[in-house]
Structure formats: structure tokens, C-alpha cells
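Subject: Handover of a protein model

Dear colleague,

Please find below the structure that I am handing over to you. A written account of the findings follows it.

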Amino acid sequence: PCPDDKCPSGGIFESSEIEKLVERDVLELYLRCKLNRDVEMDPNQTWCPGPGCESICRVFPPLRDCEASPVHCSKCKLTFCSSCKERWHAYQSCDEFRRHFSEDELANLPGEECGLIKRCPRCHIPIERDEGCAQMMCKRCRHVFCWYCLASLDDDFLLRHYDKGPCKNKLGHSRASVVWHRTQVVGIFAGFGFLLLLASPLLLLAAPCLLCCRCSSCHRCLDPEPATL
């Protein structure tokens, strides 16, 4: 939609119009985000959870007395549950399947015996890590977690998780790079706080003027003009 909240027509930009206004990489990012949103909002479509597949599959309504339905991916031939996105479990509910789910399926994946493949704690798709940082982000659900203990790092901007406990010093970066990262994060928050501190006196000074203008406009709307003869 138009970014102007006072737009009288409330127009919506077409993709062809956006293509003329932005760079190619921005357009590709927009189209990707738009596709993700369209699939998430459509109850008849879903992404295939197969590793590296990224196909859009059609979801059929579940049968009577069933909470989910089987979804078949025509690309990777995977059949999975429309609710929990695990492999199809015809005679079990999603909770029962998860309670009895063993690591046998994951153990059959190449590289699991070396600890190179684990499942995302949120959407449960297999993720491979061959080297690098232990702070992982799932490509499908964007969940950030620790590779070793699978703890959530969504709100750990300073990466304090790697300062203590079993994952101490296992981030995969030098201490200097971690300190530099934290300095940048603190600097960003401090910058916003400083700008807010500078703007607060101006807001206090402008508040009476804004209130007076608003009250004057309200009085003009409420008080009818005297009739002229």
C-alpha cells in the first residue's frame, strides 16, 4: 500500500511500479517476502519442510475427525503433516508423534553421526553445519538458536549465552570479535537513547503548542458559526 497514511485514494503499488523505483536486489527481497507472506496467509498452501527443497505444496482439508492432513511434495516426494510439518503420521496425533518420535530418522541422514545435522527447535527441519559460528538461524522460520544446546538466542543480542554454562567459549569467534560485536550493539542502543534524550526537551516545549492547536480545532468543530442575516 501507499506509505502515505493520508493518501486519499489508498492506492496499492503494483510489482511493475516497484520495479521501476528500487534496485534489483531490493526488488528480489520484496518479492521473496511477499511470497512468504502469501503462503503463510493461505491455508491451502505451505512450504515443504524437506531440507533444501523450498517448494510450495497444496494443502487439502483434513478428513473427518482428523486434526491434520497429509501433504505430498511433488519435487522431493516427501509426505508430511500439514500441522506439525513432520513426516506423515496417519494413526497418531501430532503430540503423540512428537512424544514417541525417536532420533532414528535423523540418524539416517548423512553427517548426523559427525554432529553436522540437527533439527531446528521451532520448525524441526534438518539443518547442516559444517563450520563457522555456533549461533544458527533457521532459513525457514528465522529462529536463532545455539547449535550445541539448541537454546533460543532470539533475544540474546549480546550473546551472553556463551559466557557461562556448557556452551562457554563455544561461539566460534575470538574474544576480541565478541567484544567488538557487543560494543556495536551497545553503541546502537546508546545512540537511540541519546537522540531521545536530546529530543525530549523539544517535545516538552512543543507539547503545549500542539495541545492548544488541537483544542482550537476542536472548538471550531464543536461551535457552529453564527448565522448571518
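Does Arg24 count as buried or exposed? At 54% relative accessibility, Arg24 counts as exposed, because the cut-off for that class is over 50%.

**Overall architecture**

The protein has 229 residues, of which 23% count as buried. Its secondary structure consists of 5 helices and 8 strands. Read from the N terminus, the order of these elements is α-α-β-β-β-β-α-α-β-β-β-β-α. Among the contacts with a separation of 6 or more, 22% are between residues 24 or more positions apart. The accessible surface amounts to about 17200 Å², and carbon and sulfur atoms account for 59% of that area.

**Confidence**

The mean pLDDT of the protein is 77, and 79% of the residues score at least 70. Confidence is highest in strand 8 (residues 144–146), with a mean of 91, and lowest in helix 4 (residues 104–107), with a mean of 52. Over residues 109–114 the pLDDT stays under 50, and the model has 8 contacts beyond four places in sequence for this stretch. Where pLDDT is low, the predicted coordinates should not be read in detail.

**Salt bridges**

The count of salt bridges comes to 7. In the first, Arg24 and Glu28 are joined through their side chains, with an N to O distance of 3.4 Å. Whereas Arg24 is exposed, Glu28 is partly exposed, with a relative accessible area of 45%.

In the second, Lys34 pairs with Asp38, and their closest N and O atoms are 3.2 Å apart.

Asp163 is partly exposed, at 24% relative accessible area. Through shared partners, salt bridges join Arg160, Asp163, Arg175 and Arg182 into one network.

**The largest pocket**

The volume of the largest pocket is about 790 Å³. It is lined by 30 residues, and those closest to its centre are Glu54, Ile125, Lys139, Arg140 and Cys141. Helix 2, strand 1 (45–47), strand 6 (126–128) and strand 7 (135–137) each contribute at least two residues to the lining. Which element gives the most to it? Helix 2 does, with 6 residues.

**Buried residues in loops**

His143 is placed in the loop between strand 7 and strand 8. With a relative accessible area of 5%, His143 is buried. Leaving aside residues up to four places away in sequence, its contacts are Cys120, Pro121, Arg122, Met136, Met137, Cys138, Ser152 and Asp154.

Two backbone angles also deserve a mention. Most residues other than glycine have a negative phi. Lys85, although not a glycine, has a positive phi of about 65°. Lys85 lies in the loop between strand 4 (79–81) and helix 3 (94–100), and is buried, with a relative accessible area of 18%. Leu159, likewise a residue other than glycine, has a positive phi near 55°. Leu159 is found in the loop between strand 8 and helix 5, where it is buried at 7% relative accessible area.

In reading the model, please keep in mind the stretch of residues 109–114, where pLDDT stays under 50, and helix 4, where mean confidence is lowest.

With kind regards

Technical notes. Residues are numbered from 1 along each chain as its sequence is written. This is a predicted model: local features need pLDDT of at least 70, side-chain atom pairs count only at pLDDT 80 or more; totals for chains, interfaces and linings use all residues. Side-chain values use heavy atoms; hydrogens and water are left out. Helices (H or I, at least four residues) and strands (E, at least two) are DSSP runs, numbered from the N terminus. Buried means under 20% relative accessible area, exposed over 50%, partly exposed in between (1.4 Å probe, protein chains only). Contact means heavy atoms within 4.5 Å. Accessible areas come from the Shrake-Rupley method with a 1.4 Å probe; for residues, only the protein chains shown count as cover. pLDDT is the predictor's confidence in each residue, from 0 to 100. A salt bridge is a side-chain nitrogen of Lys or Arg within 4 Å of a carboxyl oxygen of Asp or Glu. On a 1 Å grid over the protein atoms alone, a cavity is a set of points where a 1.4 Å probe fits but cannot get out, and a pocket is an open set with protein on both sides within 12 Å along at least five of seven lines; lining residues have an atom within 4 Å of a point. Grid points are joined across faces, edges and corners, and a volume is the space filled by probe spheres set on the points.
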